[in-house]
Amino acid sequence: MMGLQVGVAALLLLVIALAGSTFRILREYERGVVFQLGRFWQVKGPGLILLIPVVQQMVRVDLRTIVLDVPPQDVITRDNVSVKVNAVLYFRVLDPQKAIIQVEDFLMATSQLAQTTLRAVLGKHELDELLAERERLNVDIQQVLDAQTDTWGIKVANVEIKHVDLNESMVRAIAKQAEAERERRAKVIHAEGELQASEKLMQAAEMLGRQPGAMQLRYMQTLTSIAGDKSSTIVFPLPIELLKGMADLSSKP
């Protein structure tokens with residue numbers, strides 16, 4: 001009797017184990033790559049999946065977008081500046097069959113490829129481009145990664161450079177360069193202002209020279225402004241025309 005109970009219990013355990021290996025449930029964002037006797041059979045899912053125990057095996061693949069943090073990489077730019085750059089990578093599996101069959105571990109492979117591509121692409125550009133043109137560099141890295149991971153059934157949707165770390169000496173050099181650039185712009189603006197002022201003064205002198213009465217009016221305005229001051233001594237300048245008139249009178253016999 002005891003042996004019969006043990007046999008029934010063992011049979012129940014075997015049935016439960018077979019049922020567990022026969023029925024699989026895949027979520028909406030999952031697919032199952034099914035192998036039959038070691039050979040690829042088909043991709044199934046989502047929903048309830050029936051497998052033949054021992055004969056068929058299934059590997060789950062997540063189709064959602066994966067966010068991969070690329071660790072800081074030592075990059076030497078084209079102008080021989082050493083910086084540390086890290087980035088974040090967004091990709092997803094488009095073809096579960098390729099992602100399982102063509103590469104052993106597509107997560108590790110994509111991570112390693114992202115690190116080498118980051119160093120290779122950024123090493124072709126100068127530091128100024130790395131700091132000012134991140135969007136263009138993001139697109140360049142994304143296109144290179146997407147082309148290389150296509151054979152793995154992976155789509156690289158986006159790449160974003162997160163941080164560019166510089167050493168202290170380079171930070172000070174960039175600060176000095178920015179200060180020199182600001183001083184240069186200030187001098188250029190001041191010189192342009194002087195040029196415009198000189199042009200206006202030249203135009204005013206030409207206009208006053210053509211109209212003698214305007215010169216007298218300007219002279220009277222100057223006297224009015226001087227008279228308004230509270231100084232005790234006022235010096236009245238004589239017009240050039242008056243001096244010329246006096247010189248003409250003295251020269252007559």
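Which residue forms a salt bridge with Asp 69, and how far apart are the closest N and O atoms? In this predicted model, the partner of Asp 69 is Lys 162, with the closest N and O atoms 3.6 Å apart. Asp 69 belongs to strand β6 (residues 66–76) and Lys 162 to strand β8 (residues 154–165), so the pair ties together parts that are 93 residues apart in sequence. Asp 69 is partly exposed, at a relative accessible area of 47%, and Lys 162 is likewise partly exposed, at 36%.

**Overall architecture**

The protein chain contains eight helices and eight strands. Of its 253 residues, 25% are buried. Among contacts between residues at least 6 apart in sequence, 60% join residues at least 24 apart. The chain exposes about 17600 Å², and carbon and sulfur atoms supply 60% of that area.

**Salt bridges**

Nine salt bridges are present in the structure. The table lists three of them, including the pair already described.

| Salt bridge | N to O distance |
|---|---|
| Asp 69 and Lys 162 | 3.6 Å |
| Asp 62 and Arg 64 | 2.8 Å |
| Lys 155 and Asp 146 | 3.0 Å |

In the bridge between Lys 155 and Asp 146, Lys 155 is partly exposed, with a relative accessibility of 33%. Asp 146 is buried, because its relative accessible area of 18% falls under the 20% limit.

**Arg 64 and its two partners**

Arg 64 takes part in two of the interactions described here. Its side chain meets that of Asp 62 in a salt bridge, and its charged end sits over the ring of Tyr 29, 3.8 Å from the ring centre. Arg 64 has a relative accessible area of 44% and is partly exposed; Asp 62, at 27%, also counts as partly exposed.

**Aromatic pair**

The structure holds one aromatic pair. Phe 35 and Phe 40 form this pair, with 6.4 Å from centre to centre and 80 degrees between the planes. The arrangement is edge-to-face, because the angle between the planes is over 60 degrees. Phe 35 is buried, at a relative accessible area of 16%, whereas Phe 40 is partly exposed, at 30%.

**Nonpolar surface patch**

Phe 23, Ile 25, Leu 48 and Leu 50 form a nonpolar patch on the surface, and together they have about 440 Å² of accessible area. Strands β1 (23–26) and β4 (47–50) each supply at least two residues of the patch. Leu 50 lies in strand β4 and is partly exposed, at 47% relative accessibility.

Conventions:
Residues numbered from 1 in each chain as written. Predicted model: local features only at pLDDT ≥ 70, side-chain atom pairs only at ≥ 80, totals over all residues. Heavy atoms only, no water. Phe/Tyr/Trp six-rings, centres within 6.5 Å; stacked < 30°, edge-to-face > 60°. Buried < 20%, exposed > 50% of the residue type's maximum accessible area, 1.4 Å probe, protein only. Lys NZ or Arg CZ within 6 Å of the ring centre and 35° of its normal. Helix = DSSP H or I, 4+ residues; strand = E, 2+ residues; numbered from the N terminus. Contact = heavy atoms within 4.5 Å. Areas by Shrake-Rupley, 256 points an atom, 1.4 Å probe, with all protein chains shown as cover. Patch = residues over 30% accessible without salt bridge, like charges linked within 9 Å, V, L, I, M, F, W, Y side chains within 5 Å. Salt bridge = Lys/Arg side-chain N within 4 Å of Asp/Glu carboxyl O.
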